[in-house]
Amino acid sequence: MGIPGVQRVPSPLLELFVLRDFLPAGLCAELVALIEAKRRPSELANSDGDPTFRTSETCDLDPGEPAVEELEQRLREASGIDRALGEPIQGQRYLVGQEFQNHVDWFGRNGPDWEKFCGVAGQRTWTFMVYLNDVEAGGGTRFRSLRKTFHPETGKLLAWNNLHPDGSGNRDTFHQGMKVRAGSKYVITRWYREKPWG
Ligand SMILES: O=C(O)CCC(=O)C(=O)O
Ligand SMILES: [Fe+2]
């Protein structure tokens, strides 16, 4: 993350960066409109079937859309990671009361989901998340280990390494999308893998 203005959150527990105004407001608005047009209920890889665990809606963004291509290029510049390692870029929408409870983005290597979710592309490495709007109340992203909540702000990027240097999952990356209390919340989520997504 060698780009101007990026701040590493000082902690030995995980590698986490914040960059305000990563995306201009106009691009954020275009992405919100795309999410609105194509959203569906979010899926759950690791909720043990609890329907309250992740109550947002998700959208796979079409890479052919000019706004998504622009986002892709900006993510490439910021991350230095080849887009081939990226999962399809997603958008998420949370309305009042919706949330994503405490979880990690990486998968257990010996868990039942490993083959299904990681057989081809391997483990998730980095998460890049961009807030697309200011939320009236609530909707922060809380990292329990850091005792820190990041607040949504139009265009702000949050990026963290899900893994330890030896490639094992870092439990200090547990985080949650807190309930939106007023307004709505739109975010971009982009996960990178060890190997090409395909
Ligand atoms: O919405 C948030 O603040 C967190 C989203 C998240 O953790 C995820 O989509 O994996
Ligand atoms: Fe997450």
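The crossing of helices α1 and α2 is left-handed. By class, their contact has 6 nonpolar residues, 3 charged ones and no polar ones. This is a predicted model.

Where do the two helices sit in the chain? Helix α1 covers residues 25–38, and helix α2 covers residues 66–79. Their axes come within 10 Å and cross at roughly 125°. Angles over 145 degrees count as roughly antiparallel, and 65 to 115 as roughly perpendicular. The two helices are therefore oblique to each other.

Which residues make the contact? From α1 come Leu 27, Glu 30, Leu 31 and Leu 34. They meet Ala 67, Val 68, Glu 70, Leu 71 and Arg 74 of α2.

Now to the ligand. The residues around ligand 1 include Phe 100, His 103, Met 129, Thr 141 and His 175. Gly 177, Thr 189 and Trp 191 are also among them.

| Residue | Ligand atom | Distance |
|---|---|---|
| Tyr 94 | oxygen of ligand 1 | 2.7 Å |
| Asp 105 | oxygen of ligand 1 | 3.2 Å |
| Lys 185 | oxygen of ligand 1 | 2.7 Å |

Note on methods:
Residues are numbered from 1 along each chain as its sequence is written. Chains are lettered from A and ligands numbered from 1 in the order in which they are written. This is a predicted model: local features need pLDDT of at least 70, side-chain atom pairs count only at pLDDT 80 or more; totals for chains, interfaces and linings use all residues. Side-chain values use heavy atoms; hydrogens and water are left out. Axes are lines fitted to C-alpha atoms, for helices over the stretch in contact, and angles run from 0 to 180 degrees between N-to-C directions. Helices (H or I, at least four residues) and strands (E, at least two) are DSSP runs, numbered from the N terminus. Angles under 35 degrees count as roughly parallel, over 145 as roughly antiparallel, 65 to 115 as roughly perpendicular and the rest as oblique. A crossing is left-handed if the near helix is turned anticlockwise from the far one by less than a right angle, and right-handed if clockwise. Contact means heavy atoms within 4.5 Å. Ala, Val, Leu, Ile, Met, Phe, Trp, Tyr, Cys and Pro count as nonpolar, Asp, Glu, Lys and Arg as charged, and the others, Gly among them, as polar. A residue is near a molecule or strand if one of its heavy atoms lies within 4 Å of it. A polar contact is a pair of N or O atoms within 3.5 Å; within protein, one must be able to donate a hydrogen and the other to accept it, and residues adjacent in sequence count only if both atoms are side-chain atoms.
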